[in-house]
Amino acid sequence: MEKVSDQVKEIYGDKTRFDFSSLIVGDGGPDESELITQPPLQRRGKVVGFEDEAKKLVGCLFEETQQLDVISIIGMPGLGKTTLAEKIFTNSVIQYEFPRRIWVSVSQEFTRKDIFLTILREFTRLDEDMYHKSDQELAELVSSYLEKDKFFLVMDDVWTGKDWEKLQIALPKRNKMGKVLITSRHEEVGWSANRDRRPHRLRFLTEEESWLLLQMEVFGELECPSELEGLGKRTAHQCAGLPLAIVVVGGILSKKFWVSNDMAANRNAWRKMSENVSTYLSEDPGRRMEKLIALSYDELPYHLRACFLYLGIFPEDFEIPVRELIRMWIAEGFIQQKSGFTLEEIAENYLEDLVNRNLVRADKRTVDGRVKTCRIHDMLRDFCIREAGIERENFLQEMKSSGDGFEPSIVEVKKFRRVCAHSNFLSFITSNPYGPRTRSLCCFSKEEITLSPENVSSIPKAFKLLRVLAVTPVVFTRFPLDLTQLIHLKYIALSSTFKVLPEVLTKLWNLQTLIIHTTSRALKVKADIWQMIQLRYLKTNASITLAFETTGKGGAEKLQTFYNLSPESCTENFCKKARYLKELGIRGRLALLLDAKGSRYSPFDFVEMMQHLENLKLINDLSLSPPSEWQLKIPPPFKFPPKLRFLTLSFTYFEWSNMSVLGLLENLEVLKLKDNAFVGKSWETTDGGFRRLEVLQIGYTDLVYWVASAHHFPRLRCLELRNCEELEEVPFGLAEIPSLEIMHLHRSTKSAVDSAKKIQQAKQQKKEGFSLSIFPPDL
């Protein structure tokens, strides 16, 4: 609208002519040039200003006490309490000292039941009986597990002393081997938790640390240009040592610096930023961060604003799966198509932009550098909810349960376009809400919720215009047939006990994403997915059998991801119709897929028809296969899809002598060998293979001897060995690979660890960047 408005004004300035045909009107999204943004910044590994703080607290964790020891970190919002706790939680020495480590996000809105179930999940599988226990029964169960163990428990963001009183009943005070670390904004919480230990009040950053952090956020590993140093130091000083303020401001400055190559323009932008920060920080201290976040939000281009506000739909401290997030964005219509890019690629670009602006934190990344999960700081989330509710005409509303029902009231649901209810979802649904405007209904509760048959129709009855139904914690005992009346539905994510997806599902012709978590090993899909022309993503943890197989022309041209297809359904017809697939998982009795059994062709022969397939996962379900079928025969290299870049194998029991087959896959970049994918005592890597392989993961194997050198893996960047508990050594020849920069060893032999350290020393002598992580750490 702004672009159109500017062009209209420009034309209207000429009184003699008003030519609308001269307007170039886009679809509201970014220009294609805007899709090429700065790469993710390579920020230094250490957390600025917390090294001394972490050292003190780690020392406290090794102190001997006569009873359960509780340590508290106290500080104002945005000071870095959670960051410091995470640094301690992931410390390799702490990981070794406390094999049982548990992280619990408490936050302002919590139920004791959720917290206790989160802890119990670390000890045992939660069954239906567990969910029906009272808070007191769960507390006693938690205590019975914790009193036997040496454990380290983090309770992040405890708000009040009363909250602590509610939770401490589950902690065994007599277990002097246990350590509890809590973070809170209020000092009274620390004293309530432990009268014998002074709360650790987190300090502000010094001016030197503030400037260092700002440089890291703006430039990564690059140096600040001298022309900007004075303004940068002034801006860092104005942030008053508050890390979150520096990070938010750094996100704005980073975008301004990387977008413009004109140093004069950069100086001007930085000067304005410094003036704005000074203005906002002179306000009421309680509103400083709110103002800075608003400033960062105002700097967002319009196509990012709805995407950012939508993040408020997730609970506090929630680890957001990026694949699901971008598909929710797509279903909502936030992502506009551009030629040359898929919707998923554009959405990933939007997310990276928000990450680079420090409005979203990339929590985990995939091996090829893409964001896998992300989080949003609770102050940023509060801003999203506040802005979405007041400024954006009920864009988003969180329903919070109270003693009298819900806040806001059930009656007000009719106003809201997006509704989330993360606690007491069953009460919310059974209270007869009515949302004629609601486009998204979401629940990301920690508690599993079973929807009884009589309540299954409540959702489609109440929300006629739904586009997104994301309720994975909700277990449906039967597929809600009424859902098929919601013709606007584009995204469904739910859990189930049913084993069949009915044919009537075909009516959801707008559906783009279907995610089903089921307790069943197999899921029969009676719906004709080939008639669901908008379907892009289908995923379930079960093995999918397709009951409806059309023989006519056409196919699912938009279908990009399919997990997990049964070997029986991997037919010639499927491979022809799903020829545009980029990701495919095949799960089940793989002997049926790979063995021709006297026939001229095996079903796997048809997989090569998928000319666009980049990611393939083959999972052999041993429960469905007799032991005689466990050891499989690997297909020849020309049978694999030509563009294959990622390959994951599990329980295939191939022989190491056949690894040369995978080495001949010309475009293979990432190879994950899990759970006895290959077996045998020795692997001698052959010449001429793995020319493009960058990441190699090997897990749970009986491999003892491995012979390899630099020319076998010329581009290898990352090597991960998990539970290779018989491997004698990591080949020293790998030290000659210039690109090798990361090596992880998890539960390996001492000799393998020693060989890895020799590789590290060789790398250091050549002054090549190299990171080696070993678990358990060598103390």
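**Reading the terms in a predicted model**

Modeller: Tyr700 lies in the loop between strand E29 and strand E30 (705-707), where helices (H or I, at least four residues) and strands (E, at least two) are DSSP runs numbered from the N terminus. This is a predicted model in which local features need pLDDT of at least 70 and side-chain atom pairs count only at pLDDT 80 or more, while totals for chains, interfaces and linings use all residues. Residues are numbered from 1 along each chain as its sequence is written, and side-chain values use heavy atoms, with hydrogens and water left out.

Biologist: Why does Tyr700 count as partly exposed?

Modeller: Buried means under 20% relative accessible area, exposed over 50%, and partly exposed in between (1.4 Å probe, protein chains only). Tyr700 has a relative accessibility of 45%, and therefore counts as partly exposed. Its phi is positive, about 50°, although Tyr700 is not a glycine.

Biologist: What makes Phe690 buried?

Modeller: The relative accessible area of Phe690 is 5%, so this residue is buried. Phe690 lies in the loop between strand E28 (682-684) and strand E29 (695-699), and its phi is also positive, at about 50°, although it is not a glycine.

Biologist: What makes Glu629 buried, and which side chain does its own side chain contact?

Modeller: Glu629 has a relative accessible area of 12%, and is therefore buried, although it lies in a loop, the one between strand E23 (615-620) and strand E24 (646-650). Its side chain makes a polar contact with the side chain of Arg589, at 2.7 Å. A polar contact is a pair of N or O atoms within 3.5 Å; within protein, one must be able to donate a hydrogen and the other to accept it, and residues adjacent in sequence count only if both atoms are side-chain atoms.

Biologist: How do you know that the span of helix H10 (residues 207-219) agrees with its 13 residues?

Modeller: The expected span is 1.5 Å times one less than the number of residues. For the 13 residues of H10 that should come to 18 Å, and because the end C-alpha atoms are 18 Å apart, the span agrees.

Biologist: Why is H10 called largely enclosed by the rest of the structure?

Modeller: Ten of its 13 residues are buried, so H10 is largely enclosed; among them are Trp211, Leu213, Leu214, Met216 and Phe219, together with Glu209 and Glu217. Just after H10, Gly220 takes a positive phi of about 65°.

Biologist: How do the axes of H15 and H17 cross, and why is H15 described by a particular word relative to H17?

Modeller: The axes of H15 and helix H17 (residues 343-356) come within 10 Å and cross at roughly 80°, which makes H15 roughly perpendicular to H17. Axes are lines fitted to C-alpha atoms, for helices over the stretch in contact, and angles run from 0 to 180 degrees between N-to-C directions; under 35 degrees counts as roughly parallel, over 145 as roughly antiparallel, 65 to 115 as roughly perpendicular and the rest as oblique.

Biologist: What makes strand E6 (320-321) and strand E7 (361-365) edge strands?

Modeller: These two strands belong to an open sheet of three strands, in the order E6-E8-E7 and with antiparallel pairing, and each of them pairs on one side only. Two strands pair if DSSP finds at least two bridges between them; E6 is joined to strand E8 (residues 371-375) by two bridges, and Ile320 stands opposite Cys374 in E8.

Biologist: How do you know that strand E2 and strand E3 (residues 151-156) pair?

Modeller: Six bridges link E2 and E3 in the parallel sense, and Val104 has Met155 in E3 as its bridge partner. Helix H5 (residues 112-120) packs on the sheet, touching E2 and E3, in a direction that makes about 155° with that of E2. The sheet itself is open and parallel, with five strands in the order E2-E3-E4-E1-E5.

Note on methods:
Contact means heavy atoms within 4.5 Å.
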